[in-house]
Amino acid sequence: MGDSGANGAFTRRRRATLAASKGADLLPMNGRSAAVRQSSVTTDITRDNGQAKQNRSLETVQSKSKTEKRKNDIRERLSCHKTQESLLSSASGYNNYRGILNWCVVMLVLSNARLFLENLLRYGVLVDPIQVISLFLNDSYSWPACLVIVSNMFILVALYTERQLSKGSFTEHVGFLVHCINLVIMLTFPAAVVLLVPSMTPVGGAIVLGTYTILFLKLYSYKDVNMWCREQSIVKAKTLARSLSCPSAQHFNGGHCKVFYPGNLTIRDIYYFVSAPTLCYELNFPRSPNIRIGFLLRRLLEMLFFTQLLVGLTQQWMIPIIQSSMKPLEDMDLSRMTERLLRLAVPNHLLWLMFFYGFFHSSMNFTAELLRFGDREFYKDWWNSETVTYFWQNWNIPVHKWCLRHFYRPLLRRGFSKMVSQSAVFFLSAFFHEYLVSVPLRMFRLWAFMGMMAQLPLAWFVGRFLRGNYSNAAVWISLIIGQPFAILMYVHDYYVLHYRQEAT
């Protein structure tokens, strides 16, 4: 009994202690629990008030927007006009004509499709690939192949002359004389063969003369650059290393051996330059890191496609128009001549554009990729030309660089004015245009020469009186109309000179 009473008293004391401890936990300690409760209540009240204010402001904004929208609806009912320009007006600032451009393309395709069907119905299928292949397999084309092989002799003469100049065996005057003789023979020898060999056809003659003209420009640049290197070595008065014959670590630039004069005077160097798609020589051309096989195959397929397309359109479209133009030209029927000129302008211009893409983009990029030639700027945006001068500076960058580097700037350094130097460049271009046309046709009518020289007054007129789209349109018109006019003149004279005499 005593033990149970003691245990009961201990249990009561323990419960009282636990209750007291729980109560003590609920009592404020230094007033902090009450402050926390008060602050939390205040925060809740503030949050509720802020939310209420936000809701009221939102309701106010919504009511204002509804009121403003109602007012705008009323204004739109009362007035639907405002001060503004028409979209096709220049003052409107509108320039999104993509839909009109697509419409022009569709109309161009439809109109040319009609012309193509009309041509097929009138003449039938005139495309004959076998005829073209037989032309190149004919015995008369052995002469062009032989002349191309002979051109290697002029390359080796230029290399030998430069080697003798680098060693001091030739003086500068002797070397200049040898180079001049070599370059003059390069132009006269193939021309004489084309004129004197009866079996040489106009197409074969044009291929040969084009090859020799390109080689002439390349070797002229080769002569100039090596002469500048000798002048630089004299000014610096130091010996430059032969990196190709004795390569070292400091001569490597990006994995390629850097060449110094006269280490560049090698067979490999000059034939790389002859094969490269450029007319301007350098000791160290920019090189691409590797050959992209996919890019190479795409360019090859484009070359094959555009070659077939050019031949097919020439046989099917150009030749019938030219043949039907002989009678109006003989009768000097001005209205019929104008009609034939306009008929010839469209296919001639399309063929010219295809030739531009096939040669300057596909062919030259193919060669550059194969040789890992780094500078691929073969043309610029000549289609945006607002002056005739800009067109001639940007449609054929290799020729423009050559003229600027080896002809125009040397004339300026000699004291000639810009106008005289520019006229001299056009004169040189006119000479080569006439050289490449008249010699293969074996007749000299100067139509190409006069067409190029006529670019000078045309350039002055367009630059002086026309601006913007009007000047760009003038450049396009000169391209579309000028070329077929010259073609008709040459074809007419060739027809009169050969076929009429044979008929007589």
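The model is predicted: local features need pLDDT of at least 70, side-chain atom pairs count only at pLDDT 80 or more, and totals for chains, interfaces and linings use all residues. Residues are numbered from 1 along each chain as its sequence is written, and side-chain values use heavy atoms, with hydrogens and water left out. The protein chain holds 17 helices and two strands. Helices (H or I, at least four residues) and strands (E, at least two) are DSSP runs, numbered from the N terminus.

**Overall make-up**

- The protein chain has 504 residues, and 31% of them are buried. Buried means under 20% relative accessible area, exposed over 50%, and partly exposed in between (1.4 Å probe, protein chains only).
- The accessible surface of the protein chain comes to about 32000 Å². Carbon and sulfur atoms own 65% of that surface. Accessible areas come from the Shrake-Rupley method with a 1.4 Å probe; for residues, only the protein chains shown count as cover.
- Take the contacts (heavy atoms within 4.5 Å) in the protein chain with a separation of 6 or more: residues 24 or more positions apart account for 72% of them.

**Helix packing**

- Two packed helices are described by the angle between their axes and the distance between the axes. Axes are lines fitted to C-alpha atoms, for helices over the stretch in contact, and angles run from 0 to 180 degrees between N-to-C directions.
- Helix α6 (residues 172-196) and helix α14 (residues 418-441) have axes that come within 9 Å and cross at roughly 25°. α6 and α14 are therefore roughly parallel to each other. Leu187, Pro190, Ala191, Val194 and Leu195 of α6 make the contact with Phe432, Tyr435, Val439 and Pro440 of α14.
- The axes of α3 and helix α9 (residues 293-324) come within 11 Å and cross at roughly 75°. That makes α3 and α9 roughly perpendicular to each other. Asn112, Leu115, Asn119, Leu120 and Tyr123 in α3 meet Gln316, Trp317 and Pro320 in α9.
- Angles under 35 degrees count as roughly parallel, over 145 as roughly antiparallel, 65 to 115 as roughly perpendicular and the rest as oblique.

**Salt bridges**

- Side chains of opposite charge can pair when their charged atoms come close. The whole structure has eleven salt bridges. A salt bridge is a side-chain nitrogen of Lys or Arg within 4 Å of a carboxyl oxygen of Asp or Glu.
- Glu172 and Arg230 form one of them, at 2.8 Å from N to O. Glu172 lies in helix α6 and Arg230 in helix α7 (residues 202-236), so the pair ties together parts that are 58 residues apart in sequence. Glu172 is partly exposed at 39%, while Arg230 is buried at 7%.
- Glu369 pairs with Arg376, with the closest N and O atoms 3.0 Å apart. Glu369 is buried at 0%, and Arg376 is partly exposed at 21%.
- Lys401 and Asp375 also meet in a salt bridge, 2.8 Å from N to O. Lys401 lies in helix α13 (residues 397-413) and Asp375 in the loop between α11 (334-371) and α12 (388-394), so the pair ties together parts that are 26 residues apart in sequence. Lys401 is partly exposed at 31%, and Asp375 is partly exposed at 28%.

**Surface patch**

- A nonpolar surface patch covers about 920 Å². Its residues are Leu87, Leu88, Tyr94, Tyr97, Ile100, Trp103, Val106, Met107 and Leu110.
- Patches are made of residues with over 30% relative accessible area and no salt bridge: like charges are joined within 9 Å, nonpolar side chains (Val, Leu, Ile, Met, Phe, Trp, Tyr) within 5 Å.
- Leu87 sits in the loop between α2 (32-78) and α3 (98-123).
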